[in-house]
Amino acid sequence: MILEQPLAELIKGQQREDVVVNIQFSTSSGVSYQANCFLCLQKDLRLMPVKPEVSVEAVEGGCLITLKADKFVRALALSIDGAEDCWFDNNYFDLLPGVPTKCFVRTSISPSEVKQRLTYRSLNSPCALPTNY
């Protein structure tokens, strides 16, 4: 056991539906683990609509996409409209508030076109919306 703490102390007066517990652990050998835990069923989470900040830069073999949000984003899925030649190295992930997350996409499309055509969906915003809406 790494931590034992009363739930009421952990959530500090918040409702279970409004809380995400982010657990991070590093071993002495430098291996890191991270997980998000929920205190209710995911269908009962009260997730706020969020529009992540997006930046795209060219890197060898494709583009590096950096996403950041001011609220928790659950199960973010990325796609590029009309692009069949792309592959994401990371997809369907959570964004923690204020923590930038990077994702490489292998594509021949320019960074400006990737940013223009990039869409996402998440449990916060179940409809695919262009990032530039």
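Which side chains does a polar contact of 2.8 Å join? In this predicted model, the two partners are Asn36 and Asp94. Asn36 is placed in strand E2, which covers residues 32-38. The side chain of Asn36 is also joined to that of Asn22, by a polar contact of 2.7 Å. Leaving aside neighbours within four places in sequence, the residues in contact with Asn36 are Val20, Val21, Asn22, Phe72, Asp94 and Leu96.

The overall architecture of the chain is considered next. Two helices and 10 strands make up its secondary structure. Read from the N terminus, the order of these elements is α-β-β-β-β-β-β-β-β-α-β-β. Along the principal axes, the C-alpha atoms of the chain fill a box of roughly 50 × 40 × 20 Å. The chain has 133 residues, and 34% of them count as buried. Of the contacts between residues at least 6 apart in sequence, 53% join residues at least 24 apart.

The nonpolar interior was then examined. In soluble globular proteins, nonpolar side chains tend to be buried together. The largest nonpolar core of this model holds 21 residues, and those touching the most other members are Ile65, Leu67, Leu76, Leu78, Ile80 and Phe88. At least two residues of this core are supplied by each of strands E3 (53-59), E4 (62-68), E5 (73-80), E7 (93-95), E8 (101-106) and E9 (118-121). Strand E5 gives the most, with four residues. Apart from this core lies another, of five residues, including Phe38, Cys40, Phe72 and Leu96.

Not counting residues up to four places away in sequence, Leu78 touches Leu67, Phe88, Asn91, Phe93, Cys103, Leu118, Thr119 and Tyr120. Among these, Leu67 and Phe88 are again core residues that touch the most other members.

Thr66 is found in strand E4. Its relative accessible area is 12%, and Thr66 is therefore buried, the limit being under 20%. The side chain of Thr66 makes a polar contact of 3.2 Å with the side chain of Lys102. When residues up to four places away in sequence are not counted, Thr66 touches Glu53, Val54, Ser55, Pro100, Thr101 and Lys102.

Rolling a probe the size of a water molecule over the atoms shows where empty space is left. The largest pocket has a volume of about 160 Å³. Its lining consists of Ile2, Leu3, Leu10, Val21, Ile23, Gln24, Phe25, Cys37 and Leu39. Eight of the lining residues are nonpolar and one is polar, while none is charged. Strand E1 (residues 20-26) contributes the largest share of the lining, namely four residues.

The side chains of Gln5 and Glu9 are joined by a polar contact of 3.1 Å. Gln5 has a relative accessibility of 32%, so this residue counts as partly exposed.

Two residues other than glycine have a positive phi. For Lys12, the value is about 45°. Lys12 is placed in the loop between H1 and E1. With 67% relative accessibility, Lys12 counts as exposed, because the limit for that class is over 50%. For Tyr92, phi is near 60°. Tyr92 lies in the loop between strand E6 (87-88) and E7. Its relative accessibility is 64%, so Tyr92 also counts as exposed.

A further loop residue is Gly30, placed between E1 and E2. Gly30 has a relative accessible area of 53% and is therefore exposed. Gly30 and Arg74 are 44 residues apart along the chain, and 27 Å separates their C-alpha atoms.

How values were computed:
Residues numbered from 1 in each chain as written. Predicted model: local features only at pLDDT ≥ 70, side-chain atom pairs only at ≥ 80, totals over all residues. Heavy atoms only, no water. Buried < 20%, exposed > 50% of the residue type's maximum accessible area, 1.4 Å probe, protein only. Polar contact = N/O pair within 3.5 Å; in protein donor to acceptor, adjacent residues only side chain to side chain. Core = buried A, V, L, I, M, F, W, Y, C linked by side-chain atoms within 4.5 Å. Contact = heavy atoms within 4.5 Å. 1 Å grid on protein atoms, 1.4 Å probe; cavity = no way out; pocket = protein on both sides within 12 Å on 5 of 7 lines; lining within 4 Å. Points joined across faces, edges and corners; volume = space filled by probe spheres on them. Nonpolar A, V, L, I, M, F, W, Y, C, P; charged D, E, K, R; others polar.
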